[in-house]
Amino acid sequence: MSGDDESHYSAMLELSADEIKKMDPFRDDPSPLPDVGNELEVPAPIFREDESKLDPTVYCLCGHCRRMETLEESFCCLSKKHDSADCITADVMFDKLLDPMVLEINLRSVWAAGVEDTEDNGIHNVNLRYSAYRTIYIWMNRGKKTKSGRRRYPLPSCVVSHVRRKYPSLSYTGFLASKSPVYKKKKKF
């Protein structure tokens, strides 16, 4: 290793878990060449004409949506089929699912199953918000089939906004398109 590589490596060892999670693991990889058979989903860059689509006044039908970071997250609950003509956040069951005790039980069940998709096993707003998204996602998609390979889909803007107001924090991750943590292998100790 050269001197620069060693200093870069030693600096990496001093990073916190949060700092490491924020790093792009593919930052040094070359850009993939276009491949006709490549079925990898790559988020489209936001162009100026698409910027307006992030504005909730363009897509919101329920009156509760807020501006999201990506086009994929910028949609209203009423643009998806559900049982009511009202915002899904007004549903009585929605508030019951956001009860802190329900979310804590959900978290403890996930952790007991060996899924370690949270940074720690504490009961605090970050983990309660994770549990809320997970619980609401399952409730909203009950009985629906998912496309093979992809297990996560974004929640409507109004749902995310409501959960963030109820369980706030200083920063938010946003939607990450990946396989569901339920399909992760258990950690071996």
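Figure 1. Accessible areas here come from the Shrake-Rupley method with a 1.4 Å probe, and for residues only the protein chains shown count as cover. On that basis the chain exposes about 13800 Å², with carbon and sulfur atoms supplying 56% of it. The model is a predicted one: local features need pLDDT of at least 70, side-chain atom pairs count only at pLDDT 80 or more, and totals for chains, interfaces and linings use all residues. Residues are numbered from 1 along each chain as its sequence is written, and side-chain values use heavy atoms, with hydrogens and water left out. Read from the N terminus on, that is simply α-α-α-α-α-α-α-α. Of the 189 residues, 28% count as buried (buried is under 20% relative accessible area, exposed is over 50%, partly exposed is in between; 1.4 Å probe, protein chains only). Take the contacts (heavy atoms within 4.5 Å) between residues at least 6 apart in sequence: 57% of them join residues at least 24 apart.

**Figure 2. Close-up of the largest nonpolar core.** A nonpolar core is a set of buried Ala, Val, Leu, Ile, Met, Phe, Trp, Tyr and Cys residues joined through side-chain atoms within 4.5 Å. The largest one has 30 residues, and Cys-62, Ile-136 and Val-159 are the members that touch the most others. Two or more residues each come from α5, α6 (100–112), α7 (125–140) and α8. Helix α7 gives the largest share, seven residues. As background, nonpolar side chains tend to be buried together in soluble globular proteins.

Figure 3. Cys-76 sits in the loop between α4 (56–59) and α5 (92–97). Cys-76 counts as buried because its relative accessibility is 1%. Along the chain Cys-76 and Cys-62 are 14 residues apart, yet 7.0 Å separates their C-alpha atoms. Neighbours within four places in sequence aside, Cys-76 is in contact with Tyr-59, Cys-60, Leu-61, Cys-62, Cys-65 and Pro-156. Now look from the other partner: not counting residues up to four places away in sequence, Cys-62 touches Cys-76, Cys-77, Leu-78, Cys-87 and Cys-158.

**Figure 4. Helix α8 and its mostly covered residues.** Seven of the ten residues in α8 are buried. The list is Ser-157, Cys-158, Val-159, Val-160, Ser-161, His-162 and Val-163. What do the buried residues of α8 pack against? Their partners are α4, α5 and α7. His-162, in α8 (residues 157–166), makes the buried class because its relative accessibility is 19%. With neighbours within four places in sequence set aside, His-162 contacts Thr-89, Phe-94, Asp-95 and Leu-98.

**Figure 5. Where α6 crosses α7.** Two packed helices are described by the angle between their axes and the distance between the axes. For α6 and α7 the angle is about 85° and the axes are 9 Å apart. (Axes are lines fitted to C-alpha atoms, for helices over the stretch in contact, and angles run from 0 to 180 degrees between N-to-C directions.) The pair is therefore roughly perpendicular, on a scale where under 35 degrees is roughly parallel, over 145 roughly antiparallel, 65 to 115 roughly perpendicular and the rest oblique. Helix α6 brings residues including Pro-100, Leu-103, Asn-106 and Trp-111 to the contact, and α7 brings residues including Asn-127, Tyr-130, Arg-134 and Thr-135. By class, there are eight nonpolar, four polar and two charged residues; Ala, Val, Leu, Ile, Met, Phe, Trp, Tyr, Cys and Pro count as nonpolar, Asp, Glu, Lys and Arg as charged, and the others, Gly among them, as polar.

Zooming in on Thr-135 of α7: this residue is buried, with a relative accessible area of 11%. Thr-135 and Leu-103 are 32 residues apart along the chain, with 7.6 Å between their C-alpha atoms. Neighbours within four places in sequence excluded, Thr-135 is in contact with Leu-97, Leu-103 and Asn-106.

Figure 6. Not counting residues up to four places away in sequence, Pro-168 touches Asn-125 and Arg-129. Gly-174 belongs to the segment after α8 as well, and is partly exposed at 31% relative accessibility. Sequence neighbours within four places aside, Gly-174 is in contact with Glu-73 and Arg-164.

Terms used:
Helix = DSSP H or I, 4+ residues; strand = E, 2+ residues; numbered from the N terminus.
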